[in-house]
Amino acid sequence: MTEGARVYPLQHTQPPEPLWREVLGRRLRALRTERWETLAETAERAGISPQYLSEVERGLKEPSSEMIAALAGALGTTLADLVTGVADEFRVLQVVGGRFSRLDRARGLNRGAGPVSGPVALALAV
């Protein structure tokens, strides 16, 4: 006689946290667009291809620590400031309800960080 394992569905009371690479990508894109730079301009200074930078910004690639440092330098910031910005965004996402849904991703709503407004601005103001 074989024993079967009981499977219990996980009950989530909160949405899952976003992945590091997703939040890092949004932060990198925000820094790049604040400087009015193209992918090619930033990628050239960081020593990577524009395609790779695009994938990092979209949260599809998990860059090495050396690559993150190179991107920080190419964007005129320090690694410490970049990591602090990512941590701050995690805190804001935690306050306003977590990660983007699959539908939001399909609509492209997680692309770019843009100016902070609406509930996010309210969360930052508190």
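This is a predicted model: local features need pLDDT of at least 70, side-chain atom pairs count only at pLDDT 80 or more; totals for chains, interfaces and linings use all residues.

Colleague: Which residues of α3 are called buried, and what makes them so?

Modeller: In helix α3, residues 50-57, they are Leu53, Ser54, Val56 and Glu57. The cut-off for buried is under 20% relative accessible area, so these four residues of α3 fall below that value.

Colleague: How do you know that they line one face of the helix?

Modeller: Look down the axis of α3: the buried residues stay within an arc of 160°, so one face of the helix holds them. The arc is taken from the directions from the helix axis to the C-beta atoms.

Colleague: And α2, which residues are buried there?

Modeller: Thr42, Ala43 and Ala46. Their arc around the axis is only 100°, which puts them on the same side of α2. The cover over these buried residues of α2 includes α1, α3 and α4.

Colleague: Why is α2 called roughly perpendicular to α3?

Modeller: In general, two packed helices are described by the angle between their axes and the distance between the axes. Here α2 and α3 pack at about 105°, with the axes 8 Å apart. Roughly perpendicular covers 65 to 115 degrees, and about 105° lies in that range, so α2 gets that label relative to α3.

Colleague: Which residues make that contact?

Modeller: From α2, Leu39, Ala40, Thr42 and Ala43; from α3, Pro50, Leu53, Ser54 and Glu57. Contact here means heavy atoms within 4.5 Å.

Colleague: How do the residues of the contact of α2 with α3 divide into nonpolar, polar and charged?

Modeller: Five are nonpolar, two polar and one charged.

Colleague: Zooming out, how many helices and strands does the protein have?

Modeller: Seven helices and zero strands. Buried residues make up 29% of the 126 residues.

Colleague: And how much of the accessible surface belongs to carbon and sulfur atoms?

Modeller: The accessible surface comes to about 8,700 Å², and carbon and sulfur atoms account for 56% of that.

Notes:
Residues are numbered from 1 along each chain as its sequence is written. Side-chain values use heavy atoms; hydrogens and water are left out. Helices (H or I, at least four residues) and strands (E, at least two) are DSSP runs, numbered from the N terminus. Buried means under 20% relative accessible area, exposed over 50%, partly exposed in between (1.4 Å probe, protein chains only). Accessible areas come from the Shrake-Rupley method with a 1.4 Å probe; for residues, only the protein chains shown count as cover. Axes are lines fitted to C-alpha atoms, for helices over the stretch in contact, and angles run from 0 to 180 degrees between N-to-C directions. Angles under 35 degrees count as roughly parallel, over 145 as roughly antiparallel, 65 to 115 as roughly perpendicular and the rest as oblique. Ala, Val, Leu, Ile, Met, Phe, Trp, Tyr, Cys and Pro count as nonpolar, Asp, Glu, Lys and Arg as charged, and the others, Gly among them, as polar.
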